[in-house]
Amino acid sequence: MKRFKMLALLLVSAMMTVALCGCGGDKTEGGSSKITIGIPQDLDCLDPHTAVAAGTKEILFNIYEGLMKTDSDGNLFPAVAESYSVSDDGLTYRFTLRDKVKFHNDQTVTADDVLYCIKRNADDGTGNALISAFLNIVDYYAEGKDIVIVLSEPNPDFLQSMTMAITPKDKTDLDTDPVGTGPYKFVSRSPQENVILKRFDAYWGEKANIEDVTLKICSNADSIVIDLKAGAVDTFCRIRTSQVMQLQGSDFAILEGTMNLVQAMYLNNAVKPFDDVRVRQALSYAVDADEIIDLSFDGKGTKLGSSMFPAFGKYYIPETADVYNQDLDKAKALLAEAGYPNGFSFAIKVPSNYQPHIDTAQVVVEQLKKVGVTATIELIEWDSWLSDVYSGRDFEATMVGVDASNMTARAMLERFVSTSSKNFINFSNAEYDEKFAAAIASVDVDEQTKYYKECEWILTNDAANVYIQDLAEFVALRNNYTGYEFYPIYVMDIAKIKPVK
């Protein structure tokens with residue numbers, strides 16, 4: 001689904017010549033090109049099978065590929081595989097490898113590499129497969145250049161899991177020296193400063209347009225406009241609406257899409273008072289998502305009421321967004337019923353490098369005051385958020401956006417199963433677990449969709465979180481580049497960007 005439009009083609013200022021001399025967009029005498037891309041945080045891990053952060057995965061998309069790959073319309077197409085077939089009973093998948101696909105270290109991809117990656121992501125004996133869909137695999141083997149995978153029962157979503165990155169079987173240091181088959185290869189990394197990529201000229205598919213890429217860490221959101229205008233970076237995703245205005249009259253085009261994530265105040269359901277559904281519902285009635293979108297995002301954003309966003313089409317339920325339209329009287333009544341007639345206090349942990357989440361939290365704090373609830377904002381570094389909040393579950397509430405690793409409802413909803421290692425909010429609902437299990441066991445797409453939607457309604461009715469929006473995404477792209485494409489999942493396809501001739 002391509003959901004973007006050009007907001008403005010801004011005029012080139014008199015300073016353009018000076019700016020371009022200092023930026024990465026100049027062509028060299030040899031005809032190569034370069035670009036500097038600003039990103040809001042450092043990559044948490046370069047190993048594609050263990051990386052957690054969405055901001056990391058959107059970059060690794062350019063380095064690694066699976067047997068299958070997603071295009072900007074959300075469709076799957078063969079990548080490292082040349083073709084695939086599925087048996088009539090839906091149990092056997094056969095993937096035929098492309099001839100002579102090269103890794104970045106010049107090794108040729110073999111069936112053994114693919115088998116190694118399946119094994120690495122499958123059940124480790126504890127039931128904690130890195131890719132949960134792999135728990136359904138009962139056998140996998142190679143027949144020449146074919147990879148055969150046998151499932152215990154049909155799984156309509158299984159093909160999506162084959163976007164799993166293919167890496168060399170003998171490569172054990174991916175976190176420091178990543179090697180994939182994608183259009184860009186890793187060159188170097190300076191923690192908290194930059195990551196350097198170079199076009200992989202032996203790539204099997206269409207070559208990237210730009211040769212040299214610098215991913216510059218720009219953790220200070222307030223300096224983004226300065227960095228763009230000064231030529232320190234050539235493009236930056238997720239700029240704020242106020243920054244759009246500041247870039248008017250400069251040499252940038254502003255593109256608008258959606259972030260394809262669920263921004264919410266995520267609540268730790270295992271700590272008081274959020275272990276009481278009435279308190280969670282009260283906060284949901286107290287928070288006005290429409291006001292947040294209007295005040296902080298110039299009306300740009302899609303109000304959400306559950307853990308699904310519009311790009312998922314048939315799974316998305318717009319009606320969930322209207323369940324908790326602001327009602328302060330209901331909020332106060334629920335708080336009193338739960339034993340908090342005078343409200344309570346809690347902290348919202350917010351990653352300091354994500355200004356949109358900070359802006360949202362600031363409005364939420366003011367809205368909650370109207371029902372006697374005192375919330376404070378605790379800014380934390382991104383690495384600390386990953387270790388303390390996501391992994392350690394040491395928080396009361398946090399303001400972030402959660403995305404999907406692939407185009408399946410399972411990728412969005414599995415994290416709320418009570419036993420899931422990804423269930424960082426400690427949500428626990430027996431009916432939810434039952435409906436989710438029925439969804440992944442179903443071989444009928446319509447039936448599966450019905451169960452997934454029932455899961456979404458449970459999240460809404462139980463107020464698992466205070467749902468807010470799918471944020472609008474604004475990308476500033478210097479006018480001497482074109483070709484940026486939005487995806488329905490959280491990726492940045494650098495290979496599509498190209499210099500304007």
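1. Terms and basis. Buried means under 20% relative accessible area, exposed means over 50%, and partly exposed lies in between (1.4 Å probe, protein chains only). This is a predicted model: local features need pLDDT of at least 70, side-chain atom pairs count only at pLDDT 80 or more, and totals for chains, interfaces and linings use all residues. Residues are numbered from 1 along each chain as its sequence is written, and side-chain values use heavy atoms, with hydrogens and water left out.

2. Glu 454 is partly exposed, at a relative accessible area of 24%. The closest N and O atoms are 3.5 Å apart. Both residues lie in helix H14, 4 residues apart, about one turn of the helix. Helices (H or I, at least four residues) and strands (E, at least two) are DSSP runs, numbered from the N terminus.

3. Salt bridges across the chain. The whole structure holds 29 salt bridges. One of them joins the side chains of Arg 189 and Asp 42, at 3.3 Å from N to O. This pair links distant parts of the chain, 147 residues apart. Arg 189 sits in strand S9 (residues 184-190), and Asp 42 in the loop between strand S2 (34-39) and helix H2 (54-60). Arg 189 is partly exposed at 28%, whereas Asp 42 is buried at 5%.

4. A buried pair. Arg 478 forms a salt bridge with Asp 251, with the closest N and O atoms 3.1 Å apart. The partners are 227 residues apart: Arg 478 in strand S19 (residues 465-478), Asp 251 in the loop between H6 and strand S13 (252-258). Arg 478 is buried, with a relative accessible area of 0%. Asp 251 is buried too, at 4%.

5. A network. Salt bridges also link Lys 198, Arg 199, Asp 201, Glu 211 and Asp 212 in a network.

6. Domains. The chain is divided into domain 1 (30-63 + 182-251 + 479-501), domain 2 (65-161) and domain 3 (262-471). These bounds come from an automatic or database domain assignment.

7. The largest core. A nonpolar core is a set of buried Ala, Val, Leu, Ile, Met, Phe, Trp, Tyr and Cys residues joined through side-chain atoms within 4.5 Å. The largest has 46 residues; Trp 385, Leu 413, Phe 424 and Tyr 432 have the most contacts inside it. Elements giving two or more residues to this core include strand S14 (262-267), helix H11 (382-391) and helix H13 (430-441). Domain 1 and domain 3 both give residues to this core, so it lies between them. A second, separate core of 40 residues includes Ala 286, Leu 335, Val 373 and Met 399.

8. Leu 413. Contact means heavy atoms within 4.5 Å. Not counting residues up to four places away in sequence, Leu 413 touches Ser 307, Met 308, Tyr 432, Phe 436, Tyr 452, Cys 455, Glu 456 and Leu 459.

9. Domain 2 against domain 3. Their centres, taken over C-alpha atoms, are separated by 33 Å. In contact are 9 residues of domain 2 and 12 residues of domain 3. The buried area (the accessible area, 1.4 Å probe, that two parts lose on being put together, summed over both) is about 930 Å², of which carbon and sulfur atoms give 49%. Pro 156, Asp 157 and Gln 160 supply 49% of the area that domain 2 buries against domain 3, more than any other three residues.

10. Polar links at that interface. The rule finds 0 salt bridges there. It finds 3 residue pairs in polar contact, both at pLDDT 80 or more. A polar contact is a pair of N or O atoms within 3.5 Å; within protein, one must be able to donate a hydrogen and the other to accept it, and residues adjacent in sequence count only if both atoms are side-chain atoms.

11. Tyr 93. Tyr 93 is found in strand S6 (residues 92-97) and is buried at 6% relative accessibility. The side chain of Tyr 93 reaches the backbone oxygen of Asn 155 at 3.4 Å. The C-alpha atoms of Tyr 93 and Ile 149 are separated by 5.1 Å, although the residues are 56 apart along the chain.

12. Thr 241. Thr 241 is in helix H6 (residues 241-246) and is buried at 15%. Leaving out residues up to four places away in sequence, Thr 241 touches Ser 296, Phe 297, Asp 298 and Phe 474.

Note on methods. A salt bridge is a side-chain nitrogen of Lys or Arg within 4 Å of a carboxyl oxygen of Asp or Glu.
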